[in-house]
Amino acid sequence: MKPHGPIPPGYSADADGMLLVGGERADALAARAGDTPLFVYASALLKARVAEWRAAMPTEVQLHYAMKANPFAPLLAFMAGIVDGFDVASGGELAAALASGMAAEHISFAGPGKRDRELEAAIKAGVTINLESAGEAERALHIAARLGARPRLAVRVNPDFDLKGSGMKMGGGAKPFGVDAEGVPALVRRLVDAGADWQGFHIFAGSQALAAAAIAETQAQTVALAARLASDIGAAPPLVNLGGGMGVPYFPGDSAVDTAAVGAALAETLAARDPVLGASRFAMELGRWLVAEAGVYLTRIVDRKVSHGETFLVTDGGLHHQLAASGNFGTVIRRNYPIAIASHFGAEAVETVSVVGCLCTPLDRLGDQVALPRAEAGDLVAIFQAGAYGASASPAAFLGQGPAREILV
Ligand SMILES: *Cc1c(COP(=O)(O)O)cnc(C)c1O
């Protein structure tokens, strides 16, 4: 038997043992969606998450949603009403963000390899472009001059440190992201001289960290770096985007980020900041932490079989919707995501089984030798932490399967 990750708080079953998501039975949700597999996102949990963040963080810090974690249009429209801004990383995300109702001045656009037509769309819409290089800056200035527009430009800084314990490092050393810190002052002067509306800095050091102390240390380093750059430039950045990095517990032994500790440390960091940043505003951008726990992937068992003594529950879902849960998206050692039999939620585990998807590849494993209640064909399996990097970060076209259904409740 191998353990699975912790089932997130906020989920329970009705008297029949059927998992409830957003107050609705999992089987009723599958019927409403028309078929399995499906992703269900609970708006009440999204709202609670934002409220938790706001209660913990200093009020002067704004909350941005990094929409690459989950770009489902109804979810975006819901998030637009409860966060302060969106961060996008492609022209496609930009269009989705604008369509969600989020105001252009609260959208910023990062990401390496922005094409001219994406820069043009961003400048026309009036969103802030987080510049990833001096070359991109020149292209943006040129396009803005042609359009007769004053572009809103911020500089993404490649910090000289990374986020300790983070699952995905995005700073420290050679990186395709951002401008190396030593080149930033000259670039900002160039933007200001060219008449651009300089919006500040974007400093993102990593992702999926659980230790509050590591997040707090990175935030302190980020504020210090912003202050150093501002002193060199001789001007205060209007906004310092501190990045994010707060992760969620996916695996056995993981525990949730202590948001109160992160917030208390950030309040201290900001209170003690260099006066050069006295008038600056601050933001954090979070993807996964905001949306992962609010999502559940529901897939139906199609077959139950035994091979060489190992019991397999074969489902109608798989890695084509859950690449990360299958262990094939940036993981070195495969471990089990939080998983349950949705139709016997909370029942005692009585057997060890492997839950696999319907794809004809041995990579398609959703739960490896996990202890679960007895389940048969027709029962529903739930994979948790499915609200982030699921539907849009998995190869839905693989083996001709097609996308999962998605609903926001
Ligand atoms: C991916 C990304 C995020 C979101 O990361 P999460 O781990 O989902 O919070 C935020 N900012 C930038 C620049 C990113 O590339």
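Which residue does UniProt list for "modified residue: N6-(pyridoxal phosphate)lysine"? Select Lys68, the position named for this feature in the unreviewed UniProt entry. UniProt positions follow the numbering used here, feature names are shortened, and annotations may be inferred rather than shown by experiment.

Before moving on, a word about the model. This is a predicted model, in which local features need pLDDT of at least 70 and side-chain atom pairs count only at pLDDT 80 or more, while totals for chains, interfaces and linings use all residues. Residues are numbered from 1 along each chain as its sequence is written, and side-chain values use heavy atoms, with hydrogens and water left out.

**Stop 1: around Lys68**

Zoom in on Lys68 and you will find the loop between strand 5 (61-66) and helix 3 (73-80). Helices (H or I, at least four residues) and strands (E, at least two) are DSSP runs, numbered from the N terminus. Lys68 is partly exposed because its relative accessibility is 41%; buried means under 20% relative accessible area, exposed over 50%, and partly exposed in between (1.4 Å probe, protein chains only). Now show Glu93, Tyr389 and Ser392: Lys68 touches these residues, leaving aside those up to four places away in sequence. Contact here means heavy atoms within 4.5 Å.

**Stop 2**

The whole structure holds 23 salt bridges, each a side-chain nitrogen of Lys or Arg within 4 Å of a carboxyl oxygen of Asp or Glu. Select Glu120 and Lys124, whose side chains form one of them at 2.9 Å, N to O. Both residues sit in helix 5 (residues 116-125), four residues apart, or about one turn of the helix.

**Stop 3: Glu132 and Arg156**

Next, pick Glu132 and Arg156, where another salt bridge spans 2.9 Å, N to O. This pair links distant parts of the chain, 24 residues apart: Glu132 is in the loop between strand 8 (128-131) and helix 6 (134-147), and Arg156 is in strand 9 (residues 152-158). Both Glu132 and Arg156 are buried.

**Stop 4: strand to strand**

Move to Arg304 and Glu351, whose side chains meet in a salt bridge of 2.9 Å, N to O. Arg304 belongs to strand 16 (residues 295-307) and Glu351 to strand 19 (residues 351-356), so the pair ties together parts 47 residues apart in sequence. Arg304 is partly exposed, at 22% relative accessibility, and Glu351 is buried, at 16%.

To finish, select Lys2, Glu310, Arg365 and Asp368 together: salt bridges with shared partners join them into one network.
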